[in-house]
Amino acid sequence: MWSRPNTARVLLALAALVSVFVGPWWATLILALALCLRYRAWEVIGLGLLMDLLYMPFPFVLSVETLPWGTIVALILVFGLEPFRRRLLTGPSTF
Amino acid sequence: MKNLYRQNEPQLFVAFVAILVVAGAIFGVDTLSGGLVRGYAREGGSALWALANSATAFVTESGALSGKRALEEENKALEGELGRRDEYLARFEALEDENAALREMANLAANESGITASLLSSLWSSPYGTFTIGIGADAGVHEGDVVLTPGGFVLGVVTNVAARTSLVEALFAGGKEIELTTSDIAFTAEGQGGGNARARVPRDAAVEARAVVLVPGLASRPAGIVGAVESASSSAFTSVYIHLPVNVNVLRYVYVVTP
């Protein structure tokens, strides 16, 4: 069920988006982590993908040295933190 | 509550698979098209970077944030000026060495053509040690072109070219190994990011602080200067810390050497 996003989430996501372009990469990581701990933040995957498309210096092939780490870390944050978020922090969410 | 978790898990799995498929498709199209998707993303991003750079320049140059902030900015500017002077001094020493080498090898061409480019994205924004510059294929930039600081030190190499932007991988990107030489001593350094690198050379190698480090793979252009040399009495090696003589985070323009 889709629900209306709250202001804090929108602000965090916007800050993360701005950080992708002008902030240090670790600031984006912290903001993404904050988003994923509090919300099921699908937008984090978009941010990781955007970061890879903007900064990845090599074409993607299946090799450890040429993996899109931004997208992979985003997937880990969104799906890896989901059980932790649901059980300890916020309870179940379908959004 | 437990039922709700169980209901969510298959949905999550489906979402995970769907996202993998979409991301894989995007990267697949990008790879097959030779970086077209990344090129479009950077072209779109260049407008945002230009806007951010203009806003930063407006705030810092208009004196809108006066007082303590203004003093901090002035201090930073003076530090930048000192860094630039260090860079020119180091460059002068490198040019002297280069001049001596050129006398010995008269057939080595010294002149190189190039284009000045504005720096769009900051080096610290990228986890890959890359940055974007505001010129691309339209201006004659090619993959493999060398990018220099205003003082002539190697900053990086162009790895991906779009129509009006190019992606540059920093020479000292984190974890990247580079073959370098200084005072006729060849060694491999590991990039640390932010214009810094670290190397281990044999203890008896005569590496001194402030020596200019060259990249033999890039026509022996200067890549940095030795900042510090540390050696423990129990070790057979000496740690050499190399850095660019200019703060890469305050650079606004770079020079792209084109063939």
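Let me start with helix α1 of chain A, and with which of its residues are buried. They are A:L12, A:A13, A:A16, A:S19, A:V20 and A:F21. Please keep in mind that this is a predicted model. The helix runs over residues 7–22 of chain A, which is 16 residues.

Now to chain B. It has 3 helices and 12 strands. The chain is 259 residues long, and 34% of those residues count as buried. Take the contacts in chain B with a separation of 6 or more: 58% of them come from residues 24 or more positions apart.

How do the two chains meet? The contact takes 25 residues from chain A and 32 residues from chain B. On the chain B side, four elements supply at least two residues each: α1 (2–32), α2 (36–62), β4 (154–161) and β5 (166–170). The largest share is that of α1(B), with 11 residues. Sorted by class, the side of chain B that touches chain A has 17 nonpolar, 11 polar and 4 charged residues.

Two of those elements, β4 and β5, also belong to a sheet of chain B. This is an open sheet of 6 strands, in the order β1-β12-β3-β4-β5-β2, with antiparallel pairing. As a reminder, strands of a sheet pair through backbone hydrogen bonds, either parallel or antiparallel. At the edges of this sheet are β1 (114–118) and β2 (130–133) of chain B, each of which pairs on one side only. On average, neighbouring strands here are turned by 35° against each other, direction ignored.

One pair inside the sheet is worth a look. Strand β3 of chain B, residues 146–148, pairs with strand β12, residues 253–257, in the antiparallel sense over 3 bridges. Within that pair, B:V146 stands opposite B:V257.

Is B:L167 buried or exposed? The cut-off for buried is 20 or more other C-beta atoms within 10 Å. B:L167 has 29 C-beta neighbours inside 10 Å, and therefore counts as buried. Which residues does B:L167 touch, leaving aside its neighbours within four places in sequence? In chain B they are B:R42, B:T130, B:T132, B:T159 and B:N160, and from chain A there is A:P57. B:L120 is 47 residues away from B:L167 in sequence, while the C-alpha to C-alpha distance between the two is 9.9 Å.

Strand β6, residues 177–182, and strand β7, residues 185–193, pair in the antiparallel sense over 6 bridges. B:T182 stands opposite B:I185 in β7(B). These two strands form a hairpin with 2 residues between them, and B:S183 in the turn has a positive phi of about 50°.

Strand β7 of chain B also pairs with β8, residues 196–202, again antiparallel, over 4 bridges. Here the bridge partner of B:A189 is B:A199. β7(B) and β8(B) likewise form a hairpin with 2 residues between them. In that turn B:G194 has a positive phi of about 65°.

Conventions
Residues are numbered from 1 along each chain as its sequence is written. Chains are lettered from A and ligands numbered from 1 in the order in which they are written. This is a predicted model: local features need pLDDT of at least 70, side-chain atom pairs count only at pLDDT 80 or more; totals for chains, interfaces and linings use all residues. The expected span of a helix is 1.5 Å times one less than its number of residues. A residue is buried if 20 or more other C-beta atoms lie within 10 Å of its own, exposed if 12 or fewer, and partly exposed in between; C-beta atoms are placed from the backbone. Two residues are in contact if their C-beta atoms, placed from the backbone, lie within 7 Å. Ala, Val, Leu, Ile, Met, Phe, Trp, Tyr, Cys and Pro count as nonpolar, Asp, Glu, Lys and Arg as charged, and the others, Gly among them, as polar. Two strands pair if DSSP finds at least two bridges between them. Axes are lines fitted to C-alpha atoms, for helices over the stretch in contact, and angles run from 0 to 180 degrees between N-to-C directions.
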